[in-house]
Amino acid sequence: MLKPLTSNEFKLEELNRHKFEKLSFDKAILVTGATENHAYHLPMGTDTYVAYAVVQKVARMTPGTLLLPPIPFGVSDQLMPYPFTITLTPETLSAVIFEVMESCILQGITRFLIINGHGGNNSAIDVAMRKLRRLYPTAKVAVNLAWWISGPKLAPEGTFGPDFGIGHAGEAETSAALYVVPHLVDMSVARGEWPSSPREVRVSTTIPETSRTGATGDPSKATAEKGRALITALADYLARFLKEMDKAGWNFAGAKWEDLAL
Ligand SMILES: [Zn+2]
C-alpha cells in the first residue's frame, strides 16, 4: 500500500538506484518552465520556480508520484529583446517533452501530469501530448496549462479581484514568487503596465511592442499570502485530480469530477 511521502523521496534527481528500487512509482509529473525576463522585479526563473513549488506539494500528497526534474527552458521568443531571456523553438521543446515521457514509458511509467509554468510553451506541449498518444495509445497524459489562471481562480473568494491578478509579472505571478522565492523578488523596482488588446482576436506580438518594462499586469498589490493561497489551492486541486484519476484507473470516462468540485 502506497503512503503519502513526508520527505523528498519523489525527486528523481535525488534518488539513487537502491532507493528507487525500494520505492514504487506509477505516474510522473513534469514541469515545463522558462528562463526569461520578468520585468525588473522577478527572477528569470520565476515560471519554473512557481510550477515546481506547486508540484512538490502535489507529489507530497500523492502516493506513487515520481517528480521529474523541471525543464528550465521554454518558448520565450516574445521576451527575447529583454535581458536575459533564453528561448527554445516550439519544435525543440516539444521534442524534449516527448522524449522525456518516452523514456519513462520505456521504463514502465505510462501516466503523466504536466504542469506548465509559461504560456509560450502551450503549443509545444500540445504537439508532444498528441504525438505521445499516437505512438503509445495506452499512455495517459494530462496537463495544467496555466497555473497563473487556475491558481487565482481556485484560491478562496476575494483573494484576487475580478481580473484574478492576471498578467506577466503581474499581481498573481508576483504574489506566487513572493511566497516561493521571496529572497529573489525586489518590490522596490516593481512597476505595472496594462497593455490593452482586442477581446476576441489574438494578435501576434512581442511583449516589447506593448510594454516598456516587460510587465503586463499590476504587481503593486501582490503579497506572499495571496501567493500561498493560489499555490495551495492549485496543489490541492491537482492532488484531488490525481486521486480521482487513480481511482478510475486513469480511465477518463470512469472518473467522477462532480464529486470533487473539480
Ligand atoms: Zn512568468
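**View 1. An open sheet of 4 strands in the predicted model.** The strand order is β2-β1-β3-β4, and the pairing is parallel. β2 (65–67) and β4 (140–144) are at the edges; each has a single partner strand, so one side of each lacks a neighbour in the sheet. On average, neighbouring strands of this sheet are turned by 25° against each other, direction ignored.

**View 2. The pairing of β1 with β2.** Strand β1 covers residues 27–32 and is joined to β2 in the parallel sense by 3 bridges. K27 lies opposite T65 in β2.

**View 3. Helix α4 on the sheet.** This helix, residues 122–135, packs on the sheet and touches β1, β3 (111–116) and β4. The direction of α4 makes about 165° with that of β4.

**View 4. Residues of the largest nonpolar core.** The core has 65 residues, of which I29, V50, V54, V55, I115 and L234 touch the most other members. Leaving aside residues up to four places away in sequence, I29 touches V55, V58, A59, T65, L67, L68, L113 and I115. In soluble globular proteins, nonpolar side chains tend to be buried together.

**View 5. The crossing of helices α2 and α7.** Helix α2 spans residues 46–61 and helix α7 spans residues 224–247. Their axes come within 9 Å and cross at roughly 45°, which makes α2 oblique to α7. The crossing is right-handed. On the α2 side the contact is made by A53, V54, K57, V58 and M61; on the α7 side it is made by I231, L234, A235, L238 and A239.

Definitions and conventions: Residues numbered from 1 in each chain as written. Predicted model: local features only at pLDDT ≥ 70, side-chain atom pairs only at ≥ 80, totals over all residues. Pairing = 2+ DSSP bridges. Helix = DSSP H or I, 4+ residues; strand = E, 2+ residues; numbered from the N terminus. Axes fitted to C-alpha atoms, helices over the stretch in contact; angles between N-to-C directions. Contact = placed C-beta atoms within 7 Å. Core = buried A, V, L, I, M, F, W, Y, C linked by C-beta atoms within 7 Å. Buried ≥ 20, exposed ≤ 12 C-beta atoms within 10 Å, placed from the backbone. Parallel < 35°, antiparallel > 145°, perpendicular 65-115°, else oblique. Left-handed = near helix turned anticlockwise from the far one by under 90°.
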